[in-house]
Amino acid sequence: MNTTTLIKSAVFTIALFTSISGFSQDKMMKKDKMKTEKTVMVGGAEMYPSKTIVANAVNSKDHTTLVAAVKAAGLVDTLSSEGPFTVFAPTNAAFAKLPEGTVETLLKPENLETLQTVLKNHVVAGKINAKDLLKLIKKGNGKATITTVSGGTLTAWLKDKDVYITDQNGNSAKVTIADVNQSNGVIHVIDTVVLPKS
């Protein structure tokens, strides 16, 4: 093996080692960052504030129906964008409370617009954490009206120490897990689907 080949081989080996160690270091730094983040457990998975709403939601075993609906509605890009958004996220059990066949019907391609409206009725532009929501309820003498991105409204109110969200049809959802922070907003887990005005 001549000197030139030997030098080229050595340079290639160093470059390869450097890129591998750099990649490993990046991976380790990301893992370290995730370890220091204040996470909330939802559906058996940690929700990381450095991840988007969609990136976190896909890991929650309690939100598989919601994730399937968001994908079917073509809203993944929207909820992965910068936002910020406040999402009142119904669990699988919340969707199961709907009349039999409702979810299946909504997921059909011909019902895309209806599905989008239903999902957008759970989303508010801007980040409203629990503290903000309580301030709005207090300011509104016990009730706060919030406009959703679908153009509908939700009413937030307190019962004992729990926050409830009521849709325009009178359906009420209890916030079961508040302040699940995301890189592009916040999620509040709810136990009932809040529907647009029928």
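Q: What makes a DSSP run count as a helix here?
A: A helix is a DSSP run of H or I with at least four residues. This is a predicted model, and in it α7 runs over 112-120, so this run meets the cut-off of at least four residues.

Q: What makes a set of grid points a cavity?
A: A 1.4 Å probe fits at the points but cannot get out. The structure holds two such cavities of 30 Å³ or more.

Q: How much space lies in the largest cavity?
A: About 210 Å³. Its lining is made up of 23 residues, and those nearest its centre are Ile53, Ala57, Leu66, Val70 and Val87. Two or more lining residues come from each of α2 (53-57), α3 (64-72), α4 (76-80), β3 (85-90) and β9 (185-190). Among these elements, α3 gives the most, with four residues.

Q: Why do Ile53 and Val87 count as nonpolar?
A: Ile and Val are both on the nonpolar list, so these two residues belong to that class. Over the whole lining of the largest cavity, there are 19 nonpolar, three polar and one charged residues.

Q: Which residues line the second largest cavity?
A: They are Thr65, Ala69, Phe95, Val103, Leu106, Leu107, Leu115, Val118 and Leu119. Here α3, α6 (102-106) and α7 each give two or more residues, with the largest share, three residues, coming from α7. The volume of this cavity is about 40 Å³.

How values were computed:
Residues numbered from 1 in each chain as written. Predicted model: local features only at pLDDT ≥ 70, side-chain atom pairs only at ≥ 80, totals over all residues. Heavy atoms only, no water. 1 Å grid on protein atoms, 1.4 Å probe; cavity = no way out; pocket = protein on both sides within 12 Å on 5 of 7 lines; lining within 4 Å. Points joined across faces, edges and corners; volume = space filled by probe spheres on them.
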